[in-house]
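Thanks, everyone. Let me walk you through this one. Have the model open on your screens.

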Amino acid sequence: MHCAQYTAGSCRSCQWLDKPYPQQLADKQHHLENLLSGHAVTQWLSPAFGQESAFRNKAKMVVSGSVERPLLGMLHRDGTPVDLCECPLYPASFAPVFAVLKIFIARAGLTPYNVVRKRGELKFLLLTESTYRGELMLRFVLRSSTKLAQLQAALPWLQQQLPQLAVISANIQPVHMAILEGEQEIPLTEQQVLPESFNQVPLFIRPQSFFQTNPQVAASLYATARQWVRELNINSMWDLFCGVGGFGLHCADAETQLTGIEISAEAIACARESASQLGLKNVNFAALDSTRFATAETQVPQLVLVNPPRRGIGVELCEYLSQMAPEFILYSSCNAETMAKDINLLADYHIERVQLFDMFPHTAHYEVLVLLTLRP
């Protein structure tokens, strides 16, 4: 993948861009194998991967420059802006959208936020594309609601220019820190849900719900989880840290008793809508803390699926799972190092299968799926 900003030394977010892609995969696989070297693994599967460029469905753009000439991209630590509208990680459909948004910022009078001076209103633009119908979600992250009326008044022009904008909202982030978004989300369109579909499973994205940024590899990850679970012939499962329900909805059939737990109410609303469209009746999604939910339960399903944030599931949940001893644990991780620490605590379990999913080409990051079975 060629990147002009990388060549110029302006952006080094893709730290491994100089490394041939086959070598990137080999290095990630080697890293994972080293982390799990203290365990016997019945089956290592080859890494799953997708496109090397244009794979991201989401752009998080810092807005800088002036209201007449805004820049969309990132800021170096010294405050130097870098325009990333031509970033090769984004699909080709994003560049013309960014061009229109720059004009819109000027038309709406949305002054870019100046970090040094602590002045201005528009901090970030967050753009998400659905692979299902090519529709877009656009979020304006503002310092306050001061310019909200101006933004709303100018929206008809933007919607006329970009009819693919299905969901638009404003997020209020008043804190002078590198925090991407605040708690308050203000809908600017009647529609506030972006439909997506992986492997014929309907999924939904709301403004504040987490969703994978590499749809091609995410679809492969979910499909693999479904295949592994179906081979186990289980009839009850938990999906902890479930997000919008991607794993559980893929793995459950009409007879499966599925409980999905996620702290985000936005994500749970999405998961419930998906379950409804699939006609799944034996499903319960709840907005709760996954560890607190699990450790308060006395009845454990045959399979517990966990997909935690980078910190892993932690000591408390590992101890609980060891005590309650479900037959299977399916662990999906975006941080193999914390996952390895968790697996070390699950001493009663054997690693049946491992597969790496390269969700983040040109970086050291990757996802991994591990099936653990209870030792006899």
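**Cysteines first, then cores and cavities**

Take Cys 85. Its sulfur is 9.9 Å from the closest cysteine sulfur, which sits in Cys 87, and that is too far for a bond. Cys 85 is also buried, at 8% relative accessibility. Buried here means under 20% relative accessible area, exposed means over 50%, and partly exposed lies in between, with a 1.4 Å probe and protein chains only.

Before I go on, the ground rules. This is a predicted model, so local features need pLDDT of at least 70, side-chain atom pairs count only at pLDDT 80 or more, and totals for chains, interfaces and linings use all residues. Residues are numbered from 1 along each chain as its sequence is written, and side-chain values use heavy atoms, with hydrogens and water left out.

Back to the cysteines. Cys 3 has its closest cysteine sulfur in Cys 87 at 5.9 Å, again too far for a bond. Cys 3 counts as buried, at 13% relative accessibility. A disulfide is a pair of cysteine sulfur atoms within 2.5 Å. By that rule the count is zero disulfides.

Now the cores. A nonpolar core is a set of buried Ala, Val, Leu, Ile, Met, Phe, Trp, Tyr and Cys residues joined through side-chain atoms within 4.5 Å. The largest one holds 46 residues. Which members touch the most others? They are Met 61, Phe 98, Phe 104, Leu 125, Phe 140, Leu 151 and Leu 158. Two or more residues each come from strand 2, strand 3 (70–75), helix 3 (94–108), strand 5, strand 6 (136–142), helix 4 (148–161) and strand 7 (165–172). Helix 3 gives the most, with eight residues. Helices (H or I, at least four residues) and strands (E, at least two) are DSSP runs, numbered from the N terminus.

Look at Leu 158. Leaving aside neighbours within four places in sequence, Leu 158 is in contact with Val 100, Leu 101, Phe 104, Leu 138, Phe 140 and Leu 165. Contact means heavy atoms within 4.5 Å. Apart from this core lies another, of 43 residues, including Phe 198, Cys 242, Val 244 and Leu 330.

Next, Trp 157. Trp 157 is in helix 4. Buried or exposed? At 18% relative accessibility, Trp 157 counts as buried. Beyond four places in sequence, Trp 157 contacts Val 100, Ile 103, Phe 104 and Arg 107. Its C-alpha is 9.8 Å from that of Ala 108, 49 residues apart along the chain.

On a 1 Å grid over the protein atoms alone, a cavity is a set of points where a 1.4 Å probe fits but cannot get out; a pocket is an open set with protein on both sides within 12 Å along at least five of seven lines; lining residues have an atom within 4 Å of a point. Grid points are joined across faces, edges and corners, and a volume is the space filled by probe spheres set on the points.

The second largest pocket has a volume of about 400 Å³. Of its 16 lining residues, Val 62, Val 115, Phe 124, Met 177 and Ala 178 are the closest to its centre. Strand 2 (58–65) and strand 5 (122–129) each supply at least two lining residues. The lining splits into eleven nonpolar, three polar and two charged.

The largest cavity has a volume of about 70 Å³. Among its lining residues are Lys 58, Arg 139 and Arg 206. That lining divides into four nonpolar, four polar and three charged.

Last stop, the loops. Asn 199 sits between strand 9 (194–198) and strand 10 (201–205). Its phi is near 55 degrees, positive in a residue other than glycine. Asn 199 is partly exposed, at 23%. Gln 200 lies in the loop between strand 9 and strand 10. Phi of Gln 200 is near 65 degrees, positive in a non-glycine residue. Gln 200 is exposed, with a relative accessible area of 71%.

That's my tour. Over to you.

Definitions and conventions. Ala, Val, Leu, Ile, Met, Phe, Trp, Tyr, Cys and Pro count as nonpolar, Asp, Glu, Lys and Arg as charged, and the others, Gly among them, as polar.
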